[in-house]
Amino acid sequence: MKKISIFILSMMAVLLILSACNSNEEEESGKEDEDVVTLSFWNRYPELRGGFDKLIEQFEAEHPGIKIEKQEVPEPETQLRTALSEGSLPDMWTNIVELAELTEVDAVKNLDEIFTEEVKGQFQEGTWFENGTTSDGSVYGFPLASPRSKAMIMYYNKDVFDMLGLTEDDIPSSWAEFKELGKRIKEESNGGVYPIVWNNPGWANEQLVSMMGTAITPEVPWQENYKEGVPQVLTEGKVESAKFLKELLDEGLMAPQSVEIGLGEAEATFSVGQSAFLWSGDWVGRQLFVETEFENWGVAPLPTKDGNPYYYHAGSEATSIRVNNKTEHWEEVKTFLEYSLEHLHEVVYVNTGAGLPAKRDVGGEPPFEQYKDIMELENELAIPVPKPAEFNPKVVEFNKAYRNKLEVGGIGDAVVGYITGNIDDLEAEIEKIDQDMKDAFFETLEEFPEVSQDDYIYPNWEPFEPYTVDKYDELK
């Protein structure tokens, strides 16, 4: 009995020691958890997912006291507006809502502390602009993509070219050449390969016809005529470009599913060799290489009516990270942004091939050889045009009021309707949108005495010539 009692007492002592150790470990673990600050980060750009994951992994390894909780947001505008109304914004997010709207309700943080004049000088010309990355001269967005990006280009499938005995000399530059080659592709592939696969979102259609249209009507780069100082979406270039798309579909030169699918499906169709060409943006190189694991492709400019050059307005979107003005962890956010200044553009853009970085002289190793070709095309095709808000900052508030009056903000859905046969008279449909824009524009001018039509007229601008900062000073 005495031996049993000693054994029991010994076991109880061991258990007490183990219990104390576990308790101490739990306390230490709890203390460590308390010491870790978690930052919430919403990303709206699918092509940046992998790059952000890598950047965050590297950052957390070097900063064990900070954790970045990244969330992909499939409906970014809806989710951000909901969070804005509920007061539940994340610490950081990639932009979707206009900067002017956020600064008006004091929702976004001033980043001048990070972006000194010296640091701003490290970025591409055109990166800093009113209601994009800046407001009243202060910085409110961490720049991601280069302003000289987002121009659409033509991807061509080298497997299809090899199969049909085509070379780079056969790449069409005009619509007539594209049709001629398209008929040859269909004939020699016995209908197994379509010349082009396209996709149906309105934004993509408006971008494509607007860009192709600048080869015909260069004075209207998007929705403004900077020679006359008025909104304009009805142009010969846009209408003829839309008619060209419909002709391709009607003549069997465009994959018929193009009017029903999104960009992802179009990329997949192109990758498996069911189409010879794909029209899209600079980010698609990364999508083809990573998502579809297809490497045998090249890039070239879009075909235009007579083979003349086209362009896209640089700085069309302020791709950036914005910070919640009410974040409880500004010092940790600042640490992440300062780390990103040194590493983000290389890790997220160059090393993944997701696009062109906003920062100058970025190192890194692109994952596919065509990256350099894409970069050269984008620098050639994305050209700075006048930004009225740079000339008169009051234009920002004016534009918001003017755009709020519009029932339809662009011609993309009209173009889709025309291509699919749901709209017969495209010109009449666009003319109505065009007139509504002009009516709203002049009506809003009467409400804003500090803004005039002259703020939208730039006599010293020539299409295809970059409109640089010094040009604004010439008009003052």
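Me: What makes a residue count as buried, and what share of the protein chain is buried?
Reply: Buried means under 20% relative accessible area, exposed means over 50%, and partly exposed lies in between (1.4 Å probe, protein chains only). By that rule, buried residues are 51% of the 476 in the protein chain. This is a predicted model, in which local features need pLDDT of at least 70, side-chain atom pairs count only at pLDDT 80 or more, and totals for chains, interfaces and linings use all residues. Residues are numbered from 1 along each chain as its sequence is written, and side-chain values use heavy atoms, with hydrogens and water left out.

Me: Why is Q207 called buried?
Reply: Its relative accessibility is 14%, so Q207 counts as buried. Q207 lies in helix α8, residues 202-213 (helices are DSSP runs of H or I, at least four residues, numbered from the N terminus).

Me: Which residues does Q207 touch, leaving out those up to four places away in sequence?
Reply: K150, M152, W222 and Y312. Contact means heavy atoms within 4.5 Å.

Me: How do you know where pLDDT stays under 50?
Reply: pLDDT is the predictor's confidence in each residue, from 0 to 100. The mean for the protein chain is 92, and 93% of its residues reach 70 or more. Over residues 13-18, however, pLDDT stays under 50, and the model has 0 contacts there beyond four places in sequence. Where pLDDT is low, the predicted coordinates should not be read in detail.

How values were computed: Helix = DSSP H or I, 4+ residues; strand = E, 2+ residues; numbered from the N terminus.
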